[in-house]
Amino acid sequence: MYIQPFFADADTPYDDSDFVIFGVPFDATSSFRPGSRFAPDAMRQASYTLETYNRHFDADMDEIKVCDEGNLDVGSSVSQMIKEVKEKVGIYLSDGKVPIMMGGEHSTTLGAVMACMEYFDDLCFLVLDAHLDLRDSFEDVKYSHASVSHHILNVLSPQRYASIGVRSGTREEYSRVAKDGLTSISAETIQKEGVDGVIHEVMTKFDDMGCKNIYLSVDADVIDPAFAPAVSTPEPFGIFPTDVLHIIRSFSEKLVALDVVEVCPGYDHGETAILFSKLIREFIFAKAHCEVI
Ligand code: MN
Ligand code: MN
């Protein structure tokens with residue numbers, strides 16, 4: 001199959017762009033289904049099915065300056081990959097861009113968050129994930145995809161952290177949530193109470209911290225496997241794609257970077273890649289819209 005060289009309509013030259021999409025094709029620590037290294041290209045390919053006009057915002061991709069920098073050339077060393085992602089995201093931020101990272105597995109997030117923390121003093125971290133990812137290591141790998149929140153919380157105050165959509169973790173991980181007073185909202189809470197109250201709760205918490213800049217990490221498995229089957233570690237009883245859409249739109253004004261990780265092509269007919277390329281598009285429209293206003 002011919003792979004499209006860049007995300008649809010992301011053809012603005014780097015210097016003129018406001019958003020920079022890049023891929024990190026890294027899945028060396030994947031424990032269940034490797035293959036997320038193919039996700040950036042699968043999402044690029046999927047993006048060509050999407051209409052360029054967005055009715056909700058009455059906006060067209062032609063009016064937004066987006067560049068696709070292609071994939072980072074990462075090897076199989078997780079610590080080297082984290083360093084390279086951190087460096088790259090640091091450059092994008094100092095050039096005034098909004099970085100959009102397509103993983104790869106969840107370990108790719110750490111470098112991007114560290115770069116954002118260096119750039120923004122008041123950064124808060126919001127992660128959508130079925131899993132707590134609070135293990136200090138997994139299968140003898142320190143910087144495993146299953147440990148990403150643990151490592152972020154080693155450098156970020158627990159008050160500046162929130163996870164949404166969680167429904168899987170060890171007893172020890174849940175104890176850590178209680179001990180550190182972490183905001184971690186279950187998928188079940190969203191199913192019972194709706195997503196709006198959850199958005200309000202997290203927003204109020206971050207506002208109370210004086211936070212104006214939020215990093216959003218979307219682990220694809222937060223969405224129910226019925227809608228997003230092609231992920232590395234599927235977990236039943238997930239949230240709806242439209243819940244994620246509402247979260248993105250509600251927080252967009254303060255979002256300074258986005259990643260989409262753990263999509264694992266090959267376990268469906270392409271629906272998962274289409275869904276997440278659509279959510280990336282929706283992030284761009286939402287963010288561009290609030291900047292115009
Ligand atoms: Mn994760
Ligand atoms: Mn997960």
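What spacing do the donors of the manganese ion (ligand 1) follow along the chain?

## First manganese site

In this predicted model, the donors of the manganese ion (ligand 1) follow the spacing H-x22-D-x3-D-x85-D along the chain, where a donor is an N, O or S atom within 2.8 Å of the metal (3.2 Å for Na, K and Ca), and sites may look incomplete because water is not among the atoms. The residues concerned are His106 through ND1 and Asp129, Asp133 and Asp219 through OD, at 2.1 to 2.2 Å. His106 lies in the loop between strand E5 (98–103) and helix H3 (109–119), whereas Asp219 belongs to strand E9 (residues 214–219), so the pair ties together parts that are 113 residues apart in sequence. Both His106 and Asp219 are buried, a word that stands for under 20% relative accessible area, with exposed meaning over 50% and partly exposed what falls in between (1.4 Å probe, protein chains only).

Asp129 bridges the manganese ion (ligand 1) and the manganese ion (ligand 2), which lie 3.3 Å apart.

## The chain as a whole

The secondary structure of the protein chain comes to nine helices and 10 strands; these are DSSP runs numbered from the N terminus, with helices (H or I) of at least four residues and strands (E) of at least two. With 293 residues, a compact globule would have a radius of gyration near 19 Å, and the 17 Å of the protein chain agrees with this; the radius is taken over C-alpha atoms, and the globule rule is 2.2 Å times the number of residues to the power 0.38. Of the 293 residues, 57% count as buried.

Where residues at least 6 apart in sequence are in contact, 78% of these contacts join residues at least 24 apart, contact meaning heavy atoms within 4.5 Å.

## Basis of the values

Residues are numbered from 1 along each chain as its sequence is written, and chains are lettered from A and ligands numbered from 1 in the order in which they are written. Local features need pLDDT of at least 70 and side-chain atom pairs count only at pLDDT 80 or more, while totals for chains, interfaces and linings use all residues, and side-chain values use heavy atoms, with hydrogens and water left out.
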